[in-house]
Amino acid sequence: MSIRGLKKKQPKTFKVKIVTVDAEMEFSCEMKWKGKDLFDLVCRALGLRETWFFGLQYTIKGMCTWLKMDKKVLDQEIPKEDPISFHFLAKFYPEKVEEELLQEITQHLFFLQVKKQILNEEIYCSPEATVLLASYAVQAKYGDYDPNFHEPGFLAHDELLPKRVLRQYQLTAEMWEEKITAWYAEHRGIARDEAEMNYLKIAQDLEMYGVNYFPIAQNKNHTDLLLGVDAKGIHIYSINNRFSPNKSFEWSAIRNISYSEKELTIKPLDKKAEVFKFFSSQLKVNKLILQLCIGNHDLFMRRRKVDSIEIQQMKAQAREEKARKKMENQRLAREKQLREEAERAKEELERRLFQLEDEARQANEALLRSQEAAELLAEKAQIAEEEAKLLAQNAAEAEQERQRLEITALKTKEEKRLMEQKMREAELIAVKLVKESDRRAKEAEHLKQDLHEAREAERKAKQKLLDITRLNYPHMVKYPQYSPADTRDANFDKGSIKLDLKDIDLKRLSFEIERERLDYLEKSRKFEDRLKELKSEINALKLEEKQSGLYS
């Protein structure tokens with residue numbers, strides 16, 4: 001036998017992709033696997049034990065269908081793709097989530113699916129309720145609210161509200177975040193599973209929660225009704241109202257449900273009651289309706305029976321797990337509280353230490369400032385003392401200067417008086433000189449006049465003498481040899497001597513007059529020089545007096 005023959009023949013497989021609400025998984029399945037084999041594999045991978053709520057959904061020809069558990073996967077009408085995609089979703093909903101959802105993974109999957117349905121507006125929710133549900137979703141995701149960590153804008157990338165609500169109210173993203181955060185801050189201390197359970201407890205009271213809607217008609221031609229299937233029974237709605245059913249059949253009041261082609265019949269338990277018949281669009285819809293009815297009815301009857309040993313064990317484990325988690329949460333809360341207290345105490349100590357350091361720093365700074373101020377004051381005192389000495393010295397000098405100025409002022413006054421007296425004397429002298437000058441000028445004028453008269457008399461005398469001479473001695477010219485001429489010459493010479501003497505007196509007189517005029521000019525020049533000196537001295541005294549007044 002060959003080695004190849006010893007090897008076990010490997011079974012043929014195909015790939016599937018399982019999409020949960022928050023993750024994707026891929027598996028290799030054997031060709032002979034039934035739907036239950038694949039479903040159990042997924043549940044084991046998720047760690048899920050409450051499998052009766054879930055199923056594998058796929059879409060074929062635009063219609064959502066659930067994978068049948070008792071038939072082979074490849075024998076069912078599934079999409080021809082590789083890998084084959086299935087959505088792992090909740091197929092049936094509990095009546096009371098808090099009592100029926102035992103595992104935390106079950107709660108989490110229901111929370112994610114219901115949250116998605118509300119955001120996609122498959123389940124209607126009022127704006128007020130959506131804000132409250134959003135706050136629990138934030139608590140489940142982020143934990144307790146911390147204003148230091150959760151700063152404004154931390155919800156900007158989270159989808160928390162339906163678009164219908166956002167369109168209905170003209171509020172900014174910051175305003176919505178503020179409203180959600182106000183509720184979120186009140187959920188402090190709530191664990192993630194508790195926040196998700198609180199979310200589901202609010203959601204289960206919504207009218208459209210857990211209801212699968214199908215369009216139906218009371219006859220073959222019109223589709224004017226909706227049939228809803230949920231955990232409590234079957235409900236008939238008008239086409240425009242999915243909140244309030246027109247008619248309801250509870251599971252406990254239904255005797256039988258059957259279909260024939262497109263017709264589906266609901267028989268009440270009361271035989272006298274009217275049998276309800278309706279028509280769907282196609283046979284597959286009736287099959288799907290019947291499948292959902294059977295599953296919901298089974299769960300309805302199961303809830304009202306004694307729990308199986310498996311359910312009792314799961315409930316016991318869930319209670320123990322809840323008790324353990326509660327104790328753990330309490331312990332964690334206590335530790336958190338102690339840690340927060342310790343942090344607050346630490347912060348208080350750090351604050352106190354910082355305050356003491358600040359006070360010490362301020363005290364050191366105050367001490368340094370005091371020392372600097374003391375040094376500055378000492379320096380200022382020294383400067384003040386030196387200034388006082390300098391001021392005293394200046395005061396003494398000022399006193400000496402004052403005395404000197406007083407003496408100078410007295411001298412100045414005396415000199416001024418003397419100068420004024422000199423000026424008056426000079427003025428008197430000037431007046432006298434002017435008068436003397438006038439008198440001398442008049443005398444000179446008289447002398448000049450006398451001189452002119454004397455010269456005129458001399459000229460006249462000479463002319464007269466000459467005339468007399470010509471008349472008495474005409475022959476003296478013609479006969480110069482006669483002795484009488486000599487006698488006349490001698491007489492003429494005597495007259496000439498007299499005239500010459502008279503000439504000499506006139507010249508002497510003129511010389512004296514000229515000499516006196518020169519003396520007068522010299523005295524006038526000296527007097528002018530003296531006047532200039534007196535004026536200079538008077539101006540100097542006036543300037544000194546002004547400076548002395550300013551200095552005083």
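## Charged pairs, a helix and strands

Arg351 is partly exposed, with a relative accessible area of 43%. The model is a predicted one. Arg351 pairs with Glu348 in a salt bridge, and their closest N and O atoms lie 2.3 Å apart. Glu348 is also partly exposed, at 39% relative accessibility. Both residues sit in helix α10, three residues apart, so about one helical turn separates them. An α-helix has 3.6 residues a turn, so residues three or four places apart point the same way.

How many salt bridges does the structure hold? There are 20 salt bridges. Side chains of opposite charge can pair when their charged atoms come close.

| Salt bridge | N to O distance |
|---|---|
| Arg351 and Glu348 | 2.3 Å |
| Glu100 and Arg303 | 2.7 Å |
| Glu340 and Arg188 | 2.8 Å |

Take Glu100 and Arg303. Their side chains meet in a salt bridge at 2.7 Å, N to O. This pair links distant parts of the chain, 203 residues apart. Glu100 belongs to helix α3 (residues 97-100), while Arg303 belongs to helix α9 (residues 283-303). Is Glu100 buried or exposed? Glu100 is buried, with a relative accessible area of 16%; the cut-off for buried is under 20%. Arg303 counts as partly exposed, at 22% relative accessibility. The contact is part of a network of salt bridges that links Glu95, Glu100, Arg303 and Arg304.

Now take Glu340 and Arg188. Their side chains form a salt bridge at 2.8 Å, N to O. Glu340 is partly exposed, with a relative accessible area of 21%. Arg188 is partly exposed as well, with a relative accessible area of 47%.

Helix α7 covers residues 173-184, twelve in number. Its first and last C-alpha atoms are 16 Å apart, close to the 16 Å expected at 1.5 Å a residue. Which residues of α7 are buried? They are Trp176, Glu177, Ile180, Thr181 and Tyr184. Seen down the axis of α7, these buried residues fall within an arc of 130 degrees, so they line one face of the helix. They pack against α5 (127-142) and α6 (163-168).

Four of them make an open sheet in the order β6-β7-β8-β9, with antiparallel pairing. Which strands stand at the edges? They are β6 (212-216) and β9 (247-250). Each has a single partner strand, so one side of each is left without a neighbour in the sheet. Neighbouring strands of this sheet are turned by 20 degrees against each other on average, direction ignored. Strand β8 (residues 233-238) runs antiparallel to β9, and four bridges join the two. His235 has Ser248 of β9 as its bridge partner.

Another antiparallel pair joins β10 (residues 254-260) and β11 (residues 263-268) over six bridges. Ile254 has Pro268 of β11 as its bridge partner. Together β10 and β11 form a hairpin, with two residues between them. In the turn, Glu261 has a positive phi of about 55 degrees.

How values were computed: Residues numbered from 1 in each chain as written. Predicted model: local features only at pLDDT ≥ 70, side-chain atom pairs only at ≥ 80, totals over all residues. Heavy atoms only, no water. Expected span 1.5 Å × (residues − 1). Buried < 20%, exposed > 50% of the residue type's maximum accessible area, 1.4 Å probe, protein only. Arc of directions from axis to C-beta. Contact = heavy atoms within 4.5 Å. Pairing = 2+ DSSP bridges. Axes fitted to C-alpha atoms, helices over the stretch in contact; angles between N-to-C directions. Salt bridge = Lys/Arg side-chain N within 4 Å of Asp/Glu carboxyl O.
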